[in-house]
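Colleague: I'm new to reading protein models. Could you walk me through one, feature by feature?

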Amino acid sequence: MHWKHKAAVQNLLGRLPPNLGNPLYYQLQCRFGGLQRTNPISRLSAGIEVVRRIHRFDRSAESAVFLEVGTGHQLALPLTLWLCGASEITTVDLNCYLKERLVLNDIEYLRRHDEEVRNLFTGISRSSLFVERFERLISGANSLRELLCLTNIRYWAPAHASCLPLEANSIDYHVSFTVLEHIPVAVLKGIFQEGGRLLRPRGLFIHCIDFTDHFAHSDYAISSVNFLQFSESEWEGRAGNRFMFHNRLRDDEFLNLLLGLNLMIVALLM
């Protein structure tokens with residue numbers, strides 16, 4: 001679909017109250033968009049990359065407490081962290097997007113692609129720990145409630161990551177995957193300030209940011225930086241809705257934001 005047509009549909013649905021616009025947009029995604037055929041492998045791989053970053057600093061995901069910002073429709077990233085030994089994962093979202101059907105489809109995928117998934121985790125998690133948890137996951141989760149209970153994942157939505165009912169110094173890792181680019185700058189500052197309150201002294205922020213124009217993911221006629229040609233007001237008019245908001249920050253702008261909050265950058269991968 002041409003990106004301008006997609007933007008027009010999103011803007012139209014974005015004007016509706018969330019209880020009307022969100023279900024309609026979800027149905028469109030299921031019929032024509034990225035939710036037609038879901039596959040958890042890319043999100044599992046994202047979680048594995050988070051764990052690799054942790055290992056790089058001679059730390060471990062085992063027995064660790066995670067906070068994920070921006071749950072989305074599925075739970076593959078929190079599930080990956082649990083399979084790697086996390087003791088507790090809290091995942092929060094501003095909107096209630098999580099869908100039981102999609103989550104259970106992912107579990108069914110894990111059952112049907114047992115060997116592929118086991119190979120994916122080779123060398124990432126202690127073999128005995130992974131095997132024990134993986135067997136429990138594919139044999140004992142028949143509803144979203146059962147899954148959350150089994151994996152000690154807490155899902156909070158609607159919830160604002162800049163103000164959470166968690167104790168100070170209570171988490172080890174503050175993570176997200178392709179979420180921060182969808183958050184306004186002022187809100188980002190609040191999220192990182194809250195994260196700083198929650199992180200333990202040796203805790204880490206680990207965030208993957210997609211700097212590309214997301215319309216380019218489905219409209220191959222435009223470049224990955226197509227959105228940079230528009231002024232703030234023009235871009236707001238075209239994509240200033242809750243479904244496709246992108247702050248369009250560049251990597252140096254993100255770095256300046258973090259440094260301005262007195263956060264230490266210990267690693268960077270572009």
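Colleague: Let's start with charges. How many salt bridges does a search of the whole structure find?

Modeller: First, a word on what you're looking at: this is a predicted model, so local features need pLDDT of at least 70 and side-chain atom pairs count only at pLDDT 80 or more, while totals for chains, interfaces and linings use all residues. Residues are numbered from 1 along each chain as its sequence is written, and side-chain values use heavy atoms, with hydrogens and water left out. Now the idea: side chains of opposite charge can pair when their charged atoms come close. A salt bridge here is a side-chain nitrogen of Lys or Arg within 4 Å of a carboxyl oxygen of Asp or Glu. The search of the whole structure turns up twelve of them.

Colleague: Which residue does glutamate 62 form a salt bridge with?

Modeller: Its partner is arginine 126, and the closest N and O atoms are 2.9 Å apart. That pair links distant parts of the chain: glutamate 62 is in the loop between α3 (41-56) and β1 (65-69), arginine 126 is in the loop between α6 (114-120) and α7 (127-140), and they are 64 residues apart.

Colleague: Where do arginine 112 and glutamate 108 lie?

Modeller: Both are in helix α5 (residues 100-112), four residues apart, which is about one turn of the helix.

Colleague: Which residues are linked in a network of salt bridges?

Modeller: Glu49, Arg52 and Arg53.

Colleague: How do you spot a pocket, and how much space lies in the second largest pocket?

Modeller: Rolling a probe the size of a water molecule over the atoms shows where empty space is left. On a 1 Å grid over the protein atoms alone, a pocket is an open set of points where a 1.4 Å probe fits, with protein on both sides within 12 Å along at least five of seven lines; lining residues have an atom within 4 Å of a point. Grid points are joined across faces, edges and corners, and the volume is the space filled by probe spheres set on the points. The second largest pocket holds about 950 Å³. It is lined by 34 residues, and the closest to its centre are Arg53, Phe205, Ile206, His207 and Ala267. β5 gives the most to this lining, with nine residues.

Colleague: What is histidine 214 in contact with?

Modeller: Contact means heavy atoms within 4.5 Å. Leaving aside neighbours within four places in sequence, histidine 214 touches Glu181, His182, Met244 and His246. This histidine 214 sits in the loop between β5 (199-208) and α10 (232-239), and at 13% relative accessible area it is buried.

Colleague: What about the backbone? Which residues does a cis peptide bond join?

Modeller: Most residues other than glycine have a negative phi, and most peptide bonds are trans. Here a cis bond joins alanine 157 and proline 158, with omega about -5°. Proline 158 is in the loop between β3 (153-156) and β4. For phi, look at aspartate 58: although not a glycine, it has a positive phi of about 55°. Aspartate 58 belongs to the loop between α3 and β1 and, at 72% relative accessibility, counts as exposed. Threonine 178 has a positive phi too, near 50°, and lies in the loop between β4 and α9.

Methods
Helices (H or I, at least four residues) and strands (E, at least two) are DSSP runs, numbered from the N terminus. Buried means under 20% relative accessible area, exposed over 50%, partly exposed in between (1.4 Å probe, protein chains only).
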